[in-house]
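Have the viewer open and follow along.

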Amino acid sequence: MAASHVEDIPLKGPQLALAAVVLSLANFMVVLDTTITNVALPTISGNLGVSTTEGTWVITAYAVAEAITVPLTDWLSRQFGRVRLFMMALVAFVVFSVCCGLSRSLGSLVLFRVLQGIAGGPLIPLSSTLMLAVFPKSKSHIALALWGMMTVVAPIFGPILGGLISDDWSWPWVFYINIGFGIFVWLGARRVMGGHDKPVRRSRIDGVGLALL
């Protein structure tokens with residue numbers, strides 16, 4: 001805890017602007033993925049040869065996996081460092097998004113959606129935490145407003161993009177769209193977030209608590 005005043009040095013100028021865009025976009029990307037498949041679900045189900053009712057597992061699997069890993073973020077960030085965990089989760093999210101797009105059966109798609117949700121869960125709280133870390137305390141309300149705006153806007157764009165992609169392209173692009181977001185966020189975060197990690201503090205995992213989650 002004593003080192004936090006050294007690590008959380010606010011950014012300024014172009015670096016602050018880039019960090020704000022990158023972290024907001026990371027939150028946008030993850031929240032978008034909770035809704036973008038809703039409209040594309042009939043197309044996905046038809047292409048995989050399953051009913052729409054069975055296809056809803058594509059949505060449920062992601063939401064449940066994400067809900068499990070969000071509460072684990074604090075513990076995971078102490079084990080790996082918050083910036084390192086952010087970068088790891090970001091890469092995993094994009095990789096599993098590609099795997100979802102390449103799936104040709106409901107079973108494999110649901111599996112990769114679970115893994116995608118596990119990777120995406122920590123990105124939501126970490127993007128908020130890191131946003132507050134890079135902004136001066138006097139402007140923390142701006143950081144929270146930007147982060148909150150992405151949380152509200154993403155579910156609006158999700159069904160719109162899902163419908164456009166299903167009609168004009170093909171359903172795998174519902175997942176491939178994360179590649180562009182992910183690369184931009186990764187490059188931006190790598191450039192400006194290096195000095196905002198926290199010391200790693202190893203601790204035992206609460207097996208009972210994890211099982212109950």
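Helices here are DSSP runs of H or I with at least four residues, and strands are E runs of at least two, numbered from the N terminus. The model is a predicted one, where local features need pLDDT of at least 70 and side-chain atom pairs count only at pLDDT 80 or more, while totals for chains, interfaces and linings use all residues. Residues are numbered from 1 along each chain as its sequence is written, and side-chain values use heavy atoms, with hydrogens and water left out.

Let us start at the surface. The members are V91, V95, I183, W186 and L187, which together have about 430 Å² of accessible area. Such a patch joins nonpolar side chains (Val, Leu, Ile, Met, Phe, Trp, Tyr) within 5 Å, taken from residues with over 30% relative accessible area and no salt bridge; a salt bridge is a side-chain nitrogen of Lys or Arg within 4 Å of a carboxyl oxygen of Asp or Glu. Areas come from the Shrake-Rupley method with a 1.4 Å probe.

| Residue | Relative accessibility | Class |
|---|---|---|
| V95 | 41% | partly exposed |
| T56 | 33% | partly exposed |
| S166 | 14% | buried |
| C100 | 0% | buried |

T56 belongs to the loop between helix 4 (52-55) and helix 5 (57-69). Its C-alpha atom is 7.3 Å from that of L41, although T56 and L41 are 15 residues apart along the chain.

What does S166 touch, leaving aside residues up to four places away in sequence? The partners are A40 and T43, with contact meaning heavy atoms within 4.5 Å. S166 itself lies in helix 10 (residues 140-168), and a polar atom of its side chain is 2.8 Å from the backbone oxygen of G162.

Finally, the cysteines. A disulfide is a covalent bond between the sulfur atoms of two cysteines, and here the criterion is a pair of cysteine sulfur atoms within 2.5 Å. By that rule there are zero disulfides. C99 is in none, the nearest cysteine sulfur being that of C100 at 7.2 Å.

Note on methods: Buried means under 20% relative accessible area, exposed over 50%, partly exposed in between (1.4 Å probe, protein chains only). A polar contact is a pair of N or O atoms within 3.5 Å; within protein, one must be able to donate a hydrogen and the other to accept it, and residues adjacent in sequence count only if both atoms are side-chain atoms. Patches are made of residues with over 30% relative accessible area and no salt bridge: like charges are joined within 9 Å, nonpolar side chains (Val, Leu, Ile, Met, Phe, Trp, Tyr) within 5 Å.
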